[in-house]
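Thanks, everyone, for making the time this morning.

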Amino acid sequence: MATRADPSKHSILAVERIERAIYFIRGEKVILDRDLGELYDVTTAALNQAVRRNRERFPKDFMFQLTRSEVTQLNRSQSVIGSQKHRDPRLRPYAFTEQGIAMLSSVLRSRRAISVNIEIMRAFVKLRQMLASNAELSRRLDELESKYDRQFKIVFDAIRQLMSPPVAPQKQIGFRSRVGKK
């Protein structure tokens, strides 16, 4: 009996690398142009130039440019983008939705672009499955909680805490002064 090979074992990129590049911006799962350039092994300028030459393929729900406040917020939370150069509106990064990334495969025609696109699509599917699984688990937990009395409330609360994503610690930049110490 023949078994199918696991397609992820032949990937050219680690799924974790792609997952780290996915951000939630404006309620969408997106990857920034800079990260896509790294994944496709092209410069961000070359990627954006290919998109500009095929602008009709990238409507607003496929790709959008980050606002200045989104860039600032991303810088604070992720240390992702150099803040000085992105003050110029022409240089603010573009965010590509899943559909926009799929469209990139018709614009970037290298073998690597095709392989990378396949891996990115798999990462988006995996993320969607994880979110759906978490939603189903939450629904079942609500059902159980409504059936059982308060003695299990602590258990349900603990499970809900484990299900919530960890909060990343805030990094402080600069020096802290020692007040009252000499």
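Let me start with Glu119, which forms a salt bridge with Arg122, their closest N and O atoms being 3.2 Å apart. Please keep in mind throughout that this is a predicted model. Glu119 and Arg122 are separated by about one helical turn, because they sit three residues apart in helix α6.

A search of the whole structure finds four salt bridges, and I will take two others in turn. Glu19 pairs with Lys126, with 3.3 Å between the closest N and O atoms; since Glu19 belongs to helix α1 and Lys126 to helix α6, this pair ties together parts that are 107 residues apart in sequence. Both partners are partly exposed, Glu19 at 29% relative accessibility and Lys126 with a relative accessible area of 34%.

Then there is Glu70, whose salt bridge with Arg26 brings the closest N and O atoms to 2.7 Å. Here Glu70 lies in helix α4, residues 68–78, and Arg26 in the loop between β1 and β2, so the pair ties together parts 44 residues apart in sequence. Glu70 counts as buried, at 16% relative accessibility, while Arg26, at 45%, counts as partly exposed.

Strands β1, residues 22–25, and β2, residues 28–32, pair in the antiparallel sense over four bridges, and one of the bridge partners is Glu28 in β2, facing Ile25. The hairpin has two residues between its strands, and Arg26 takes a positive phi near 55° there.

Now, which residues of the largest nonpolar core touch the most other members? In this core of 23 residues, they are Ile31, Leu36, Tyr40, Phe96, Ile101, Leu104 and Ile120. Helices α1, α2, α3, α5 and α6 each supply at least two residues of the core, and the largest share, six residues, comes from α6. Apart from this core lies another, of nine residues, including Tyr23, Ile25, Val30 and Val71.

Let me finish with helix α5, where Glu98, Gly100, Ile101, Leu104 and Val107 are buried. Viewed down the axis of α5, its buried residues fall within an arc of 160°, and they therefore line one face of the helix.

Conventions:
Residues are numbered from 1 along each chain as its sequence is written. This is a predicted model: local features need pLDDT of at least 70, side-chain atom pairs count only at pLDDT 80 or more; totals for chains, interfaces and linings use all residues. Side-chain values use heavy atoms; hydrogens and water are left out. A nonpolar core is a set of buried Ala, Val, Leu, Ile, Met, Phe, Trp, Tyr and Cys residues joined through side-chain atoms within 4.5 Å. Buried means under 20% relative accessible area, exposed over 50%, partly exposed in between (1.4 Å probe, protein chains only). Two strands pair if DSSP finds at least two bridges between them. The arc is that of the directions from the helix axis to the C-beta atoms. A salt bridge is a side-chain nitrogen of Lys or Arg within 4 Å of a carboxyl oxygen of Asp or Glu.
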